[in-house]
Amino acid sequence: MADTAGAVRPSRRVVITGLGAVSPVGIGADVFAAAVRAGVNGTAPIESFDASAFPRRKAGEVLDFEPADHLKRLDPPRWGRSGLLAAAAARLAVADAGIDEEQLDTARAGAVMGTTSGESAVVQALAEQWIEGGLASIDGELAGQTPASRIANAVSAELRLTGETQTIPTACSASNYALGYAYDLVRSGEAEVMLAGGADAVNRLTHAGFYALGAMAEDVPRPFAADRSGIVTGEGGAVLVLETYEHAVARGARMYAEILGYAANCDAAHMVHPDATSIAAGIRAAHEAAGVEPAQIDYICAHGTGTPTNDSTEVAAAREVFGDRIPPISSIKSMLGHTMGAASGFGAIACCKAFEQDFLPPTANVTEPDPALGEGVDCVPGVGREARLDIVQNHGFAFGGNNVITILGRVS
């Protein structure tokens, strides 16, 4: 990319310096990491809507989330739950990074947030009003909360960010898309600092959709297990602070990880069925972008939904790239449920904490890994395991064949 003088800007190193997690297993990156490491189950009977008519009634909800406890500027009643989850996670990430608002302003900071369902909890409330009282009964102020763009807007409004503000609605790979886009903005010189991640709220529409697809677990999510039966929907806000290496060094920031590269592709083959060949191509492209070889990858933070099709396809794609030496591959959805647009954001946070604390995140609820996946599949069953990681890859896949792989490395 050329600047105004016509010179080519050099690509700059981009590091992650702040983590914000508002999750079903806890609020705050340290609480989140401790729960993940212990294999804590964050799914429970749904409380946010009446799920009594559904045969399967569990979700990963953030039951202890009080927006006013975290936010300084937003008026919670004027914002949808997804936006509030995003803004609270962003506030936590900025605090974790130790960067103040004046620094954010001079760094031209902005926000890129991913989502699957946008403000579907708001749409759900509007639909209930319409059904109960007719179109004239709809609350106009509530209707104004529906645009998905308000998720990133909430982050920028809460922190007074003046840089690019973008919501990326590429479903369950959206946080990885957001991380990749924010990475490009920082490394190219468009910004010194960016906030990136994703947010979604549990709602009836998403729950009903996955149930109708036959993709919902009977009890708890068990990715890679012989007895896995599907997903459990979840919610949360996951935000990471990205900045140039030079900017982080200048202010004495802690650096969790460096973003080495990423790749995005779309197989466009089937609306809901993942494609192993396309995923494998995405992994290879991410490796090339990051300048790494398959043998250097120490861990895969899997998409790992827990459906028989997803897990077998993901492992098949990994085999195409890694051969018989598949790195440990685990799924934190086993604890959080599927947090939709926030999923790969939470994956990135788990990877950063794994670098910091030297452990492999586990796949909880697994007693017998599926032998049909083949030899050499280490899904780190049960609880976390001590390990030093230097380079990891984080998967995000979405309906429609949207695949994004991010590669993170220990900062050296």
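User: Is Cys266 buried, exposed or partly exposed?
Analyst: The relative accessibility of Cys266 is 41%. Buried means under 20% relative accessible area, exposed over 50% and partly exposed in between, with a 1.4 Å probe and protein chains only. Cys266 therefore counts as partly exposed.

User: What kind of model is this, and how are residues numbered?
Analyst: The model is predicted: local features need pLDDT of at least 70, side-chain atom pairs count only at pLDDT 80 or more, and totals for chains, interfaces and linings use all residues. Side-chain values use heavy atoms, leaving out hydrogens and water, and residues are numbered along each chain as its sequence is written, from 1.

User: How many disulfides are there?
Analyst: A disulfide is a pair of cysteine sulfur atoms within 2.5 Å. By this rule the count is zero.

User: Which cysteine sulfur is nearest to that of Cys266, and how far away is it?
Analyst: Cys266 is in no disulfide. Its nearest cysteine sulfur belongs to Cys172, at 14 Å.

User: And for Cys351, what is the distance to the nearest cysteine sulfur?
Analyst: Cys351 is in no disulfide either. The nearest cysteine sulfur is that of Cys301, and the distance is 4.3 Å.

User: How many aromatic pairs does a search of the whole structure find?
Analyst: Rings of Phe, Tyr and Trp (its six-membered ring) pair if their centres lie within 6.5 Å; planes under 30 degrees apart count as stacked, over 60 as edge-to-face and the rest as tilted. The search finds five.

User: How far apart in sequence are the parts tied together by Phe32 and Phe346?
Analyst: These two rings are stacked, 5.5 Å centre to centre with 25° between the planes. Phe32 lies in helix α1 (residues 29-38) and Phe346 in helix α13 (residues 343-357). Helices here are DSSP runs (H or I, at least four residues) and strands likewise (E, at least two), numbered from the N terminus. The pair therefore ties together parts separated by 314 residues.

User: What angle separates the planes of Tyr183 and Tyr262?
Analyst: This pair is edge-to-face, 6.0 Å centre to centre. The angle between the planes is 90°.

User: Which residue has its charged end over the ring of Trp79?
Analyst: A charge sits over a ring if NZ of Lys or CZ of Arg is within 6 Å of the ring centre and within 35 degrees of the ring normal. Here the charged end is 4.0 Å from the ring centre, and it belongs to Arg150.
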